[in-house]
Amino acid sequence: MRRVGFTLLTVMLAGLSLRAQTAGAFVAAPGLDLSGNWAPIVHEDQPERGPGPPLVDYAGLPITDGARQWALSWDASRLTLPEHQCQVHVVSYIYRGPLNLRIWEEKDPQSQRIIALRQYISTYEQNRTIWMDGREHPPEGAAHTWMGFSTGKWEGNMLTVYTTHIKEGWVRRNGLPISDRATLVEHYIRHGNLLTHVSISTDPVYLTEPLIKTQTFNLIVQEGQNWLYPCSYVVEVADRPRGAVPSYMPGENPFMTEFADQFKLPHDAVLGGAETMYPEYQQKMAASPQAKN
Amino acid sequence: MPSAVLAIVFAGALYAQTAGSIAPSPGLDLSGNWAPLLHEDFPERIPGPELVNFAGLPINAAAREFALSWDASRLTVPEHQCQVHVASYIYRGPLQLRIWEERDPQSQRVIAIRQYIQNYEQNRTIWMDGRPHPPEGAAHTWMGFSTGKWEGNILTVYTTHMKEGWVRRNGLPVSDQATLVEHFIRHGNIFTHVSIVTDPNYLTEPLIKTQDFNQVIPEGQNWVYPCSPVVEIVRPRGAVPHYLPGENPFLHEYADKFNIPLEAALGGAETMYPEYQAKLKAAVAKK
């Protein structure tokens with residue numbers, strides 16, 4: 001009996017000690033863990049993402065007249081300029097690149113609450129921070145960067161991110177611009193080892209409606225992916241006069257009808273605009289003279 | 001023709017950007033939140049081991065003597081209430097485990113694999129950059145000093161400079177001269193953790209254990225472990241609960257309860273091996 005008594009006392013004491021250690025230890029955190037290495041499933045929109053979009057194919061994009069005019073003056077040879085060879089895709093476009101994406105959490109070492117979600121994007125070696133601690137966006141005049149300034153919150157198991165202060169970039173890499181006034185809303189939706197990324201770009205300068213895109217990523221457990229992206233600019237065209245920028249004057253773009261003619265599309269359709277995004281536009285296209293030919 | 005020229009220009013630019021950009025790194029990515037599968041050795045891990053149950057552990061006579069003098073009430077002493085499980089034991093705790101990589105921002109090579117272990121809020125670093133271990137006289141810590149390397153897809157970690165702890169939480173000690181070899185083996189969303197403890201002071205053979213973890217995607221786990229010592233029992237200053245040699249009142253309790261010979265309960269390397277079952281049966285029959 002005495003031994004049993006001792007054992008009971010010992011168990012009770014151990015129990016007290018365990019209670020002292022764990023009482024109040026629960027810190028609830030919403031959402032899912034997105035940590036890991038993610039690779040894009042590039043067969044989604046592969047012709048646009050691998051080979052790249054045809055010149056003067058603006059179909060299905062809610063662009064303004066200003067964006068269209070900008071793109072028609074854009075000469076692809078501009079990419080050979082040293083100043084543009086290493087130009088980073090802005091955050092609203094970079095997830096369509098051939099990137100590998102690494103995500104990890106930064107936690108407060110004391111409270112273990114999430115301060116930020118960090119991302120490293122292999123394309124152009126970009127580091128991105130999504131602040132999760134409730135901080136405000138900087139004032140309007142603050143510096144703009146390729147990745148912008150991002151804050152996030154969990155809506156159920158979906159991470160929603162809002163980004164401002166992005167540099168000028170493009171919405172399609174055949175010259176269609178996005179301005180530095182653009183803002184971006186993203187949703188990260190994890191389904192097991194798949195991650196769906198929804199991006200919604202709003203641009204008061206070059207878009208008449210928000211542009212919504214999705215892309216999916218696959219969790220990669222095996223190490224050894226391509227994580228670097230060295231880019232050193234060189235003189236690719238030697239006989240170009242100093243300061244010259246390849247461009248087309250209004251009405252002089254020689255590729256104006258190339259894509260439309262190749263696919264027998266109405267010229268209006270390839271020049272894009274919000275109307276071309278919607279299913280109803282198919283009827284208008286079917287009635288066009290080019291389609292009938 | 002102009003389109004063809006442009007395509008070549010594009011290709012040139014792409015080449016300039018990506019040439020030489022492969023940075024292969026071996027192994028697997030262990031990043032994420034991991035939870036233990038506690039049903040493995042559950043009786044030892046949650047209720048805790050019985051007093052004077054040293055069976056199956058390759059302890060030496062000194063370890064046995066230490067443990068027989070250990071009084072469980074020692075856990076009520078303020079200095080011991082928040083005592084951390086050492087690296088060689090803590091993976092048996094009811095821990096949540098978070099793993100992430102620290103990479104060189106330029107080369108993107110892994111510098112270290114970081115771990116946060118919820119149990120006792122321990123941060124652990126496994127250096128992957130080839131650095132040597134510190135000299136013998138360097139400070140010892142609960143988590144020790146760890147270096148790792150990939151052997152195929154197995155992460156092998158070597159740890160030195162741990163503090164004194166225990167191999168079983170019923171008083172069996174592990175000394176600060178112990179070293180630890182671990183293997184982290186990922187199978188999809190499960191990983192197996194193998195630990196091999198070598199201790200010249202308290203073990204006659206390496207002690208090998210395994211435990212499995214399951215990847216946990218939902219957030220909301222228990223990540224903090226506040227522990228503040230309090231006076232649980234008013235005692236004379238400096239008093240430490242213990243038993244003098246030959247006076248442990250629980251010496252026979254476990255052996256008698258399960259009708260096994262006391263010498264089996266007292267452990268030792270022999271009790272680890274299957275052949276010991278024959279000796280055990282003979283002893284029980286004789287008893």
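**View 1. Chain A at a glance.** Chain A has eight helices and 11 strands; these are DSSP runs, H or I of at least four residues for helices and E of at least two for strands, numbered from the N terminus. This is a predicted model, where local features need pLDDT of at least 70 and side-chain atom pairs count only at pLDDT 80 or more, while totals for chains, interfaces and linings use all residues. Residues are numbered from 1 along each chain as its sequence is written, with chains lettered from A and ligands numbered from 1 in the order in which they are written. Among chain A contacts (C-beta atoms, placed from the backbone, within 7 Å) with a separation of 6 or more, 61% link residues 24 or more positions apart.

**View 2. The barrel in chain B.** Nine strands of chain B close up in the order β1-β2-β3-β4-β5-β6-β9-β10-β11, with mixed pairing; a pair needs at least two DSSP bridges. On average, neighbouring strands here are turned by 30° against each other, direction ignored, going by axes that are lines fitted to C-alpha atoms, with angles from 0 to 180 degrees between N-to-C directions. Zoom in on β4(B) (residues 122-127) and β5(B) (residues 145-151): they run parallel, joined by two bridges. Ile126(B) sits opposite Ser146(B) of β5(B).

**View 3. β11 of chain A and its partners.** Strand β11(A) (residues 211-220) runs antiparallel to β1(A) (residues 36-40), with four bridges between them. Ala39(A) has Asn218(A) as its bridge partner in β11(A). Eight bridges tie β11(A) to β10(A) (residues 194-202), again antiparallel, and there Leu195(A) is partnered with Phe217(A).

**View 4. Two sides of helix α3 in chain B.** Ala63(B), Ala67(B) and Leu68(B) are the buried residues of α3(B) (residues 61-68). Down the axis of α3(B) they fall within an arc of 130°, so they line one face of the helix; the arc is that of the directions from the helix axis to the C-beta atoms. Ala61(B), Ala62(B) and Glu65(B) are exposed on the other side. Strand β8(B) (172-174) is among the elements covering the buried residues of α3(B).

**View 5. Tyr58(A) in the core.** Tyr58(A) is one of the residues with the most contacts inside the largest nonpolar core, which has 101 residues. Such a core is a set of buried Ala, Val, Leu, Ile, Met, Phe, Trp, Tyr and Cys residues joined through C-beta atoms within 7 Å. Beyond its neighbours within four places in sequence, Tyr58(A) is in contact with residues including Ile63(A), Arg68(A), Leu176(A) and Val270(A).

Terms used. Two residues are in contact if their C-beta atoms, placed from the backbone, lie within 7 Å. A residue is buried if 20 or more other C-beta atoms lie within 10 Å of its own, exposed if 12 or fewer, and partly exposed in between; C-beta atoms are placed from the backbone.
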